[in-house]
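Keep the structure open beside you as you read.

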Amino acid sequence: MARIVRVARSSSLFGFGNRFYSTEASHASSTPSPFLHGGGARKVAAKDRNVQWVFLGCPGVGKGTYASRLSTLLGVPHIATGDLVREALASSGPLSQKLSEIVNQGKLVSDEIIVDLLSKRLEAGEAKGESGFILDGFPRTMRQAEILGDVTDIDLVVNLKLPEEVLVEKCLGRRTCNQCGKGFNIAHINLKGENGRPAISMDPLMPPPNCMSKLITRADDTEEVVKARLRIYSETSQPLEEYYRNKGKLMEFDLPGGIPESWPRLLEALRLDEYEEKQSAVA
Ligand code: AMP
């Protein structure tokens, strides 16, 4: 495990400073992003570091659920840029006001802001000794993918997929306990199979009784905003699939159902099923 890309101490993001560097000389980025200056970033061979994975997929597909489970299994941080945005929203100040207008309309935050938030999160993780990452919700634009590619190597991009009807229902059913912070889903999904598409059913993930009265819904999980987010995803983020497919890094994964059906299949697809069994046995 061990040494990975390290976050430099310079002022701003992988955007505006040389935040990522390795402890050993590796190759410098050949086409530095205009966001980067001051020598460019260096990369570390995959064998000398923890995994650097990206989760792609439409809003509501379950990136957070599976990325978080894998982060626990592999001991790498799960970094969701949507969470970083919500934390920034919850803080007071001009950024919060600016973000709330964008997020509540389902639009994307600017590349500069998101890269800055991510950079700060990586820097804080680095200070705590974190290594590797599973990114969820980043990159979301081609520009972000290019910036990421300039500063580090991504090993694998997992593209989670579900039919659109299911995505809308799942977003509308999403709830979070405002005390313990855990996520739940009250939607009962039962989509009939048709035209070669398999049936999909997902049981709700109900909160325990002590969370029941403390459930909150995300402000951007209304039907209108979810549909806007899905539209923006297909316009802005779908090209990323092609980008990573061409690099031979994309793993497509059609979710067969809820967590009980999907998790073991995902582990199998990632060839982590035996690893998970061993980890569970020693736990
Ligand atoms: P999510 O929780 O991933 O659905 O993100 C919630 C909201 O945060 C999105 O609708 C965007 O407004 C913003 N956001 C999250 N990640 C990004 C990103 N990589 N680029 C731009 N905006 C983002």
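The structure holds two cavities of 30 Å³ or more. On a 1 Å grid over the protein atoms alone, a cavity is a set of points where a 1.4 Å probe fits but cannot get out, whereas a pocket is an open set with protein on both sides within 12 Å along at least five of seven lines; lining residues have an atom within 4 Å of a point. Grid points are joined across faces, edges and corners, and a volume is the space filled by probe spheres set on the points.

Keep in mind that this is a predicted model, in which local features need pLDDT of at least 70 and side-chain atom pairs count only at pLDDT 80 or more, while totals for chains, interfaces and linings use all residues. Residues are numbered from 1 along each chain as its sequence is written, and side-chain values use heavy atoms, with hydrogens and water left out.

The second largest cavity has about 60 Å³ of space, and its lining includes Phe 55, Gly 137 and Tyr 233. Helix H8 provides the largest share of this lining, three residues. Helices (H or I, at least four residues) and strands (E, at least two) are DSSP runs, numbered from the N terminus.

Now turn to the second largest pocket, with about 210 Å³ of space. Among its 14 lining residues, Lys 43, Gly 149, Asp 150, Tyr 243 and Lys 247 are the closest to its centre. Helix H5 (142-151) and helix H8 (223-246) each supply at least two lining residues, and H5 gives the most, with five.

Finally, find Ser 131, in the loop between helix H4 (111-127) and strand E5 (133-136). Ser 131 is buried, with a relative accessible area of 12% (buried means under 20%, exposed over 50%, partly exposed in between, with a 1.4 Å probe and protein chains only). Its side chain makes a polar contact of 2.6 Å with that of Asn 50 (a pair of N or O atoms within 3.5 Å; within protein, one must be able to donate a hydrogen and the other to accept it, and residues adjacent in sequence count only if both atoms are side-chain atoms).
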